[in-house]
Amino acid sequence: MCGIVGYVGENSASPILIDGLKKLEYRGYDSAGIAVSENGKTDVVKTKGRIKNLEEKLEEVGGLSGTVGIGHTRWATHGAPTDVNAHPHKGGNGRITLVHNGIIENYIELKTMLQKGGYVFVSETDTEVLAHLFDYYYKGDLLDAMVNVMKTVRGSYAVAILADDKPGTIIAARKDSPLIVGLGDGENFLASDIPAVLKYTRDCYLLEDNQIAVLTKDNVTLYDTDKNVVKKDVYHVTWDVEAAEKCGYEHFMQKEIAEQPKAIHDTLSPRIKDGRVSIPELTLTDEEIKNIGKIHIVACGSAWHVGMTAKYIFEDMARIPCETDLASEFRYRDPIIKKGDICIVISQSGETADTLAALREAKSKGAKVISIVNVVASTIARESDDVIYTMAGPEIAVATTKAFSAQLAVVYLLALRFSKAVGLLPEEREKELTKELMCLPSQIEDLLNLTDELKTLAHKYVGSDDVFFIGRGLDYAISLEGSLKLKEISYIHSEAYAAGELKHGTISLIEEGTPVFAVATQDKLFEKTLGNIKEVKARGASVIALVTDKHASVSEFADEVIRVPVTDGNFLPSLNVIPLQIFAYYMAVLRGCDVDKPRNLAKSVTVE
């Protein structure tokens, strides 16, 4: 959520800041601004709306000159999206300029204290408190002021600050909100995420919690809150800049849907050797796996749907009890965790605030934590006992596709590993299943050829006000994801229901012409789901059935039929999700929605 960029060097800062902000648009935002310093004076231009609105405003004022600056895209929390509430904010008499990601929890008491001291507030934001507080503590030493601010505030933050009397310097800090420093030659950079600086450098410092960075064009020094210098390894980015570009696709989401075969292959292939699963990152021994009392799975959004899927698969294949929790609920229900329990946390970014908090809750209660994460060296990855990286590469679209699929691939690997450890997976069966797994990429390639068919389907239903998804077991878990994809990018009201629950109330929502996606791919549950299809059809629903190639009888009861290849039932979620993603994508395109940046949403949710 939100995005920070910073630049100090010998080149004009303004175009570099704008370019960096554009690379961070995927994080979600509703206003943007930049501040550039020159000759001891810092000018700010900011506006609600998109970066193109900021560019227009910059053109109106004749641009900003200077070689040092900071920029920001804001996702509103405290105060509506307005020009005044947009970042950067000024502190004191204007000598301090600040941008901030996160939430300051004690901002009300700090604001009261500062107002009594004569500080005047012009915005509704918690961020302005930081700007004034920094001014309050600033006596000419940037590091002293930053340390005092960090010891005073409660909450999450990544901040970058310019002081008029310290030309050529940016000071920045982080706690529970990502921030990186890009290292250049005669110039240095600051950003919330790597894509913002990848055009200029591949070498970065990945700041950890309670670390401070002081940047000049020729030097970067890192400190802790005791003002000790911190030595840190340089992280070298190995993926190409093209991975964060559209490469001819109309949208990042379209590109990332097409990249799923590669993401799954790259996630699976290093961990399957001669037909056997090998997960070197997993330190659990067979004995420890046998003694797992319960698996606690915590995640948010689409990752929670992966967790729902994992629950079914772990319990079926390894017979280990599982609970799947929304991370935002997990720590507040005082979860019961016993010796031998493990916690699996799932996060694309590795910075999801609620998931990180749940991880810490689980560790505090004695659970061993295994994380499934896409971003190397992210906070969740660093704080886990074991981390299994998905190999999806950078995912830019807010609505996840390839990261979701890569997370599912890791779930399959863990399920096989656990099943083998508890003695439920004979060697020959393991070879059969790993062979099935390695066929998934090519099967998904075939499903990507359904694009025209699904686009036609979208044309038919694009005017719908409501769309429902039903399924049982694993089909229900993937229905949740199909529904979320549709609602988050097309803004059509959509709900997913366990098909057996229809008659307990929700069937009252079905009326003539209501589109219902019926996911019916599980052999053991097919006839049951077929009965639910008949129920909604009898009440006027237009049924789109998603079935496997071997299910022929559904055509009699469905208006449309989408078929996926046959694979082991536990692996079908990877195939089922593909047509649901493509359908949602075209529904959004046909409705003229901003597919990659849906309204009010953010890619990485770094506030609670």
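In this predicted model, the side chains of Lys199 and Asp19 meet in a salt bridge, with a nitrogen-to-oxygen distance of 3.9 Å. The pair links distant parts of the chain, since Lys199 is placed in the loop between strand 10 (188–191) and strand 11 (203–206) while Asp19 belongs to helix 1 (residues 13–23), and the two are 180 residues apart.

A second salt bridge is formed by the side chains of Asp594 and Arg50, for which the N to O distance is 3.6 Å. This pair, too, links distant parts of the chain, with Asp594 in the segment after helix 18 (572–590) and Arg50 in the loop between strand 3 (41–48) and helix 2 (51–61), 544 residues apart. Asp594 is partly exposed, its relative accessible area being 31%, and Arg50 likewise counts as partly exposed, at 22% relative accessibility.

Glu109 forms a further salt bridge with Arg154, and the closest N and O atoms of this pair are 3.5 Å apart. Because Glu109 lies in helix 3 and Arg154 in the loop between helix 5 (142–152) and strand 7 (155–163), the pair ties together parts that are 45 residues apart in sequence. Glu109 is partly exposed, with a relative accessible area of 48%, and Arg154 is also partly exposed, with a value of 43%.

Beyond these pairs, Arg174, Lys175, Asp176, Asp209, Glu351, Arg360 and Glu383 are linked in a network of salt bridges. A search of the whole structure finds 41 salt bridges. In general, side chains of opposite charge can pair when their charged atoms come close.

The surface also carries a nonpolar patch, which is formed by Val84, Val120 and Val122 and has about 290 Å² of accessible area together. Of these residues, Val122 is found in the loop between helix 3 (107–116) and helix 4 (127–137), and Val122 is exposed, with a relative accessible area of 62%.

Several features of the backbone complete the description. A cis peptide bond, with omega of about 0 degrees, joins His87 and Pro88, and Pro88 is found in the loop between strand 4 (68–74) and strand 5 (89–91). Asn39, although it is not a glycine, has a positive phi of about 55 degrees; the residue is placed in the loop between strand 2 (31–38) and strand 3, where Asn39 counts as exposed at 78% relative accessibility. A positive phi in a residue other than glycine is also present at Asn210, where the angle is near 65 degrees. Asn210 lies in the loop between strand 11 and strand 12 (211–215), and at 33% relative accessibility Asn210 counts as partly exposed.

Terms used. Residues numbered from 1 in each chain as written. Predicted model: local features only at pLDDT ≥ 70, side-chain atom pairs only at ≥ 80, totals over all residues. Heavy atoms only, no water. Patch = residues over 30% accessible without salt bridge, like charges linked within 9 Å, V, L, I, M, F, W, Y side chains within 5 Å. Areas by Shrake-Rupley, 256 points an atom, 1.4 Å probe, with all protein chains shown as cover. Salt bridge = Lys/Arg side-chain N within 4 Å of Asp/Glu carboxyl O. Helix = DSSP H or I, 4+ residues; strand = E, 2+ residues; numbered from the N terminus. Buried < 20%, exposed > 50% of the residue type's maximum accessible area, 1.4 Å probe, protein only.
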